[in-house]
Amino acid sequence: MTPAEMLLQELGVTDPGEIDLEAIAHHVGARVRYRALCGCEAHILGCNGAAVITIKNDSSPRRKRFSIAHELGHWRFHRGKTLVCRVDDYKPRDALSPEKVADSYAADLLMPRYLFQPQARGLGKLTFDMVDKLGGIFKTSLTATSIRLIDLDHVPAFVICHGPRGRKWFARAACVPRHWFPREDLDPDSFAFGVQFGRGPDDPAPRKIDADAWFDRSDASRFVVREQTVRISEDETLSLVIVEDERMLEG
């Protein structure tokens, strides 16, 4: 169990609706306030055993929750250090940086495994509708909830974000061998291409597609995966690529 999950257990949290971040902050000596901020989503100032977390007051409710949880991560792991904090949407980061540590703490605090996994199993097959329902329960964004599902190995799948210049980041379930690496460009045969560049509508459900639309490997054309893509911002799309052929899961 992670430090964030142990804190929730210590507080007796047994339901996602009980994850009150301002109360949790108070418990660990931090006060949350909301102000107009320019150039950042949040920051924390601490001295000895007390801290003040300032959150941008015109951000969305789910963004505010993530920002509070992220700053609580800094308060848990980085007391006494001077950091330039940059709160982004939860997404994979390359290095084990302080921001990565704070992001991971936030994910554990907002979506603790002991509550998240039972809820996920109860919602059936992986689709963006399912992710959205789960995000509604935990008050987390579509992106953060998708990554959490993949990171916890809920389904053999990828979540991949694209922008106009190609792949921006991806997360892969641990059960999928690492030799399956998503291509950097967006193949015109993928359904995502039409959503990203053709301004097509979101996919209503995952659809079958040849795996070579998503992977560069020479044997990719032998397999079929399922893909669903939705738009998450003006210039970004998010895709679920689900592996159903067990031969792709062989090491």
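This note goes through the helix packing and the strand pairing of a predicted model.

1. Helix 6 against helix 7. Two packed helices are described by the angle between their axes and the distance between the axes. For helix 6 (residues 128-138) and helix 7 (residues 142-151), the angle is about 105° and the axes lie 9 Å apart. That makes helix 6 roughly perpendicular to helix 7, because angles of 65 to 115 degrees count as such.

2. Residues at that contact. Helix 6 contributes Phe-128, Met-130, Val-131, Asp-132, Leu-134 and Gly-135, which meet Leu-142, Thr-145, Ser-146 and Leu-149 of helix 7. By class, the residues of this contact are six nonpolar, three polar and one charged.

3. Helix 5. Which residues of helix 5 (residues 113-121) are buried? They are Leu-115, Phe-116 and Ala-120. Seen down the axis of helix 5, these buried residues fall within an arc of 120°, so they line one face of the helix. An α-helix has 3.6 residues a turn, so residues three or four places apart point the same way. The cover over the buried residues of helix 5 includes helix 6 and helix 7.

4. Five strands form an open sheet in the order 5-4-8-7-6, and their pairing is antiparallel. Strand 5 (166-172) and strand 6 (207-210) are at the edges, each pairing on one side only. On average, neighbouring strands of this sheet are turned by 30° against each other, direction ignored.

5. Strand 4 and strand 5. Strand 4 (residues 157-163) runs antiparallel to strand 5, and six bridges join them. Here Cys-161 is placed opposite Trp-169 of strand 5.

6. Helix 7 on the sheet. Besides its contact with helix 6, helix 7 lies across strand 4, strand 5, strand 7 (224-233) and strand 8 (236-243). Its direction is at about 45° to strand 5.

7. Strands 1 to 3. How do the partners of strand 3 (residues 50-56) run, parallel or antiparallel? Strand 1 (residues 30-35) pairs with strand 3 in the parallel sense, over six bridges. In strand 3, Lys-56 stands opposite Arg-35. Strand 2 (residues 42-47) pairs with strand 3 in the antiparallel sense, also over six bridges. Gly-46 has Ala-51 in strand 3 as its bridge partner.

8. The hairpin turn. Two residues lie between the strands in the hairpin of strand 2 and strand 3. In this hairpin, Asn-48 takes a positive phi near 55°.

Notes. Residues numbered from 1 in each chain as written. Predicted model: local features only at pLDDT ≥ 70, side-chain atom pairs only at ≥ 80, totals over all residues. Heavy atoms only, no water. Axes fitted to C-alpha atoms, helices over the stretch in contact; angles between N-to-C directions. Helix = DSSP H or I, 4+ residues; strand = E, 2+ residues; numbered from the N terminus. Parallel < 35°, antiparallel > 145°, perpendicular 65-115°, else oblique. Contact = heavy atoms within 4.5 Å. Nonpolar A, V, L, I, M, F, W, Y, C, P; charged D, E, K, R; others polar. Buried < 20%, exposed > 50% of the residue type's maximum accessible area, 1.4 Å probe, protein only. Arc of directions from axis to C-beta. Pairing = 2+ DSSP bridges.
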